[in-house]
Amino acid sequence: MADMKDGIYDAKQLGVPKMIVLGIQHMFAMFGATILVPLLTGLSVSSTLLFAGLGTLLFHLITKGKVPAFLGSSFAFLGGYAAIAPLADAEGNALDNSALLPYACLGVACAGILYFILALLIKVFGQKRVMRFFPPIVTGPIIIAIGLNLSASALNNCRSAGGLGWLVAVVAILIIVICNIFGKGMVKIVPILLGVIGSYILAACVGLVDFTAVKEAAWIGLPFTKDQTILYVFEHGDSSLIINSIITIVPIALATIVEHIGDISAISSTTGKNYIEEPGLHRTLIGDGLATMVASLFGAPANTTYGENTGVLSLSKVYDPKVVRIAAYFAVAVSFSPKFAAIIGSMPAPVVGGISLVLYGMISAVGVRNVVENKVDFSKSRNVLVAALILVLSIGVNYSGAISFNVGSVTISLTGIAVGAIVGIIMNAILPADDKDYEGLKKDVTTVEEEVEKKSAAKA
């Protein structure tokens with residue numbers, strides 16, 4: 001079995017077979033949320049899997065293969081897709097939105113440009129000047145809010161099949177807990193995968209799995225068609241719809257950029273390495289933005305760094321980016337198999353719900369850890385106010401409904417995370433504080449890394 005140092009597994013000692021299993025675990029961790037986006041928007045599940053894998057590999061290429069992040073479908077743009085290409089009318093009647101989806105994808109592709117703009121600002125003005133707006137007192141509560149906001153979807157999945165649904169979800173949770181706490185060897189570091197398999201089998205036994213789509217699906221097929229790509233827009237271009245799509249969707253990227261910074265901070269806190277410094281936030285932004293643009297051009301959802309996989313990192317204690325790239329290779333491979341996509345699509349909601357409850361909780365826990373390890377001083381009223389407004393607005397707006405306003409004839413909606421992040425950033429910038437408060441950028445993750453090194457040296 002792999003050597004374990006300070007509670008962290010040395011992936012180099014795992015060997016190829018075990019790393020493959022760990023990669024499959026990462027793939028299953030992202031499946032539930034990743035395929036949910038195309039199911040909610042009408043986009044192709046297969047193309048979603050293809051560009052989640054390719055986007056992850058592209059991200060790793062740009063970030064020098066150093067950041068163990070997986071890029072999956074972003075939920076932040078759901079409102080944008082619904083505004084441009086709704087699946088139902090006001091009365092709830094189903095609509096065929098296949099002709100409108102490429103326009104929404106064009107808007108998302110343009111939104112990716114904002115990532116490049118921020119990356120350029122970081123490169124020109126320096127990372128610390130830009131990151132002074134994103135200290136731990138801002139990123140920590142945002143990370144906490146991300147996990148808490150996602151919890152509602154996990155609970156809805158758990159209760160979707162009544163008592164049987166909760167039974168399946170609880171079994172998934174119990175398997176994860178038992179394997180992670182009491183498991184030995186490989187069992188201890190693949191609890192998510194074992195939870196998926198065990199709860200899926202139980203769901204099938206109690207009749208919650210419908211295999212009809214699996215039987216009808218072909219073994220091999222292309223992930224997308226020409227009409228699903230941006231080429232459709234250029235061939236059937238409606239200039240008014242193009243402009244409306246861009247104006248409606250591009251501003252959403254402001255929220256996803258803040259989420260990206262929060263996710264990178266979460267991964268940094270989890271692994272004890274400062275990825276904001278090296279390979280640099282400008283590289284992670286470019287990787288995320290480019291992955292989003294490429295995916296959108298081919299009719300797939302926007303990509304974002306996935307909190308679910310950060311939860312897997314925290315549970316497994318294996319931080320080698322190679323494991324995440326293995327998951328990406330599998331995602332690309334299975335995207336060419338409609339039958340496999342159908343198998344994943346047949347995964348009942350309670351299975352996804354049980355797994356998600358653990359992973360979403362891990363995301364919030366990482367946010368708490370981010371605040372604690374960076375020694376954020378809550379004896380200062382300004383810090384309490386910043387954190388309070390981020391949490392209350394992020395969660396409150398999420399449950400009460402997005403804040404919408406009109407710009408001309410276009411309606412723009414801001415999600416809870418977007419509102420909380422924007423207010424938190426502004427409040428942190430304008431409230432008086434000592435310059436030393438911004439030293440949190442140095443302490444953000446660098447201090448965590450230094451403390452880990454000191455502990456290691458002391459033990460040696």
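I start with helices α7 and α19, which are roughly antiparallel to each other, because the angle between them is over 145 degrees. The angle is about 165°, and the two axes are 8 Å apart. For orientation, α7 covers residues 136-158 and α19 covers residues 349-373. Their crossing is left-handed. Sorted by class, the residues in this contact are 19 nonpolar and twelve polar, with no charged ones.

Before going further: this is a predicted model. The mean pLDDT of the chain is 79, and 83% of the residues reach at least 70. Where pLDDT is low, the predicted coordinates should not be read in detail.

Helix α20, residues 381-400, packs against α7 at an angle of about 25°, with the axes 9 Å apart. That angle is under 35 degrees, so α7 counts as roughly parallel to α20. The crossing here is right-handed, whereas the one between α7 and α19 is left-handed. On the α7 side, the residues that meet α20 include Ile-137, Val-138, Pro-141 and Leu-148. On the α20 side, they include Arg-382, Val-386, Ile-390 and Tyr-399. By class, the contact of α7 with α20 has 14 nonpolar residues, five polar ones and one charged.

Next is α4, residues 101-111. How many of its eleven residues are buried? Ten of them are, so the helix is mostly covered, given that buried means under 20% relative accessible area. Among the buried ones are Leu-101, Pro-102, Tyr-103, Cys-105 and Ala-111.

One partner of α4 is helix α13, residues 239-249; the two pack at an angle of about 45°, with their axes 8 Å apart. At that angle α4 and α13 are therefore oblique to each other. Their crossing is right-handed. From α4, Tyr-103, Ala-104, Leu-106, Gly-107, Val-108, Cys-110 and Ala-111 take part. From α13, the residues they meet are Leu-241, Ile-242, Ser-245, Ile-246 and Ile-249. The residues of this contact divide into ten nonpolar and two polar, with no charged ones.

Now the two single residues. Ser-335 sits in helix α17, which spans residues 321-335. Is Ser-335 buried or exposed? Its relative accessible area is 1%, which is under 20%, so Ser-335 is buried. Setting aside neighbours within four places in sequence, Ser-335 is in contact with Ser-46, Leu-49, Leu-50, Gly-221 and Pro-223.

The other residue is Thr-225, in the loop between α11 (212-216) and α12 (231-235). With a relative accessibility of 45%, Thr-225 counts as partly exposed, because that value falls between the 20% and 50% cut-offs. Which distance separates Thr-225 from Gly-299 in space? The two are 74 residues apart in sequence, and their C-alpha atoms are 8.8 Å apart.

That is the tour. I can go back to any of these helices if someone wants another look.

Conventions: Residues numbered from 1 in each chain as written. Predicted model: local features only at pLDDT ≥ 70, side-chain atom pairs only at ≥ 80, totals over all residues. Heavy atoms only, no water. Axes fitted to C-alpha atoms, helices over the stretch in contact; angles between N-to-C directions. Helix = DSSP H or I, 4+ residues; strand = E, 2+ residues; numbered from the N terminus. Parallel < 35°, antiparallel > 145°, perpendicular 65-115°, else oblique. Left-handed = near helix turned anticlockwise from the far one by under 90°. Nonpolar A, V, L, I, M, F, W, Y, C, P; charged D, E, K, R; others polar. Buried < 20%, exposed > 50% of the residue type's maximum accessible area, 1.4 Å probe, protein only. pLDDT = per-residue confidence, 0-100. Contact = heavy atoms within 4.5 Å.
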